[in-house]
Amino acid sequence: MRIPFITSRQRDFVLEPLAAKDSDAVSLLHREDFVRPWTGGEFADLLAQNTVFGYAAREVGRGNEAPVGFVLARLVAGEGEILTIAVARAYRRQGLGWKLMDAVLRELHAQRAEALFLEVDETNAAAIALYRRLGFREVGKRADYYRAPGSGANGALVMRRDLR
Ligand SMILES: CC(C)(COP(=O)(O)OP(=O)(O)OC[C@H]1O[C@@H](n2cnc3c(N)ncnc32)[C@H](O)[C@@H]1OP(=O)(O)O)[C@@H](O)C(=O)NCCC(=O)NCCS
């Protein structure tokens with residue numbers, strides 16, 4: 001599967017299934033935004049599990065076509081879960097996050113899943129706006145979930161998107 005698309009800024013991208021060879025590159029992307037970034041080895045271990053899948057967005061004509069965004073998800077017993085998603089800072093607000101989430105939703109529909117869940121830091125306005133636009137609604141909250149060095153802990157919103 002290789003899905004070409006053009007973003008609002010007229011740049012060419014492709015979406016492809018995330019592969020073990022992308023583990024180190026997506027670990028670098030993860031490090032841009034997460035307090036406890038996952039290592040390449042951790043990504044490789046997750047991708048080796050048959051319940052885990054993901055997609056990478058690559059800019060066409062950029063030489064090595066390293067991922068500029070990715071999403072990792074898991075499907076168990078009819079329920080999907082977003083494990084993580086990130087788009088490189090220079091590539092945000094062009095629709096890549098939406099495309100990546102849409103690819104997960106399409107795969108879950110194809111697998112006849114019932115719902116997709118995720119957890120998000122309650123202060124992460126960009127991600128929450130994206131998820132709300134995709135039809136997710138809040139179904140719970142966990143207190144003191146995300147802790148950043150030198151600051152207090154933030155709560156996490158648990159969000160759900162029905163698929164049936
Ligand atoms: C969340 C994230 C993946 C969104 O990726 P993105 O490619 O910038 O998102 P998109 O361009 O597809 O945005 C789609 C819609 O989401 C909403 N949105 C995205 N970023 C937003 C922002 N900073 N402020 C307000 N709304 C935003 C908008 O409705 C946007 O549509 P619009 O641009 O037409 O207004 C990106 O900000 C990111 O990587 N953040 C750091 C990692 C992270 O927080 N991951 C989520 C952890 S749960």
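Me: Which residue of β2 is the bridge partner of I3?
Reply: In β2, I3 has L15 as its bridge partner. The model is predicted, with local features needing pLDDT of at least 70, side-chain atom pairs counting only at pLDDT 80 or more, and totals for chains, interfaces and linings using all residues. Residues are numbered from 1 along each chain as its sequence is written, and side-chain values use heavy atoms, without hydrogens and water.

Me: What makes β1 and β2 a pair?
Reply: Strands pair if DSSP finds at least two bridges between them. Strand β1 (residues 3-6) and strand β2 (residues 12-17) share 4 bridges in the antiparallel sense, so they pair under that rule. Strands here are DSSP runs of E with at least two residues, and helices are runs of H or I with at least four, numbered from the N terminus.

Me: How many bridges join β2 to β3?
Reply: Strand β3 (residues 52-59) runs antiparallel to β2, joined by 5 bridges. The partner of P17 in β3 is Y55.

Me: Which helix supplies the largest share of the shell around the ligand?
Reply: Helix α4 does, with 6 residues. β5 (79-87), α3 (96-110), β6 (115-121) and α4 (125-133) each supply at least two.
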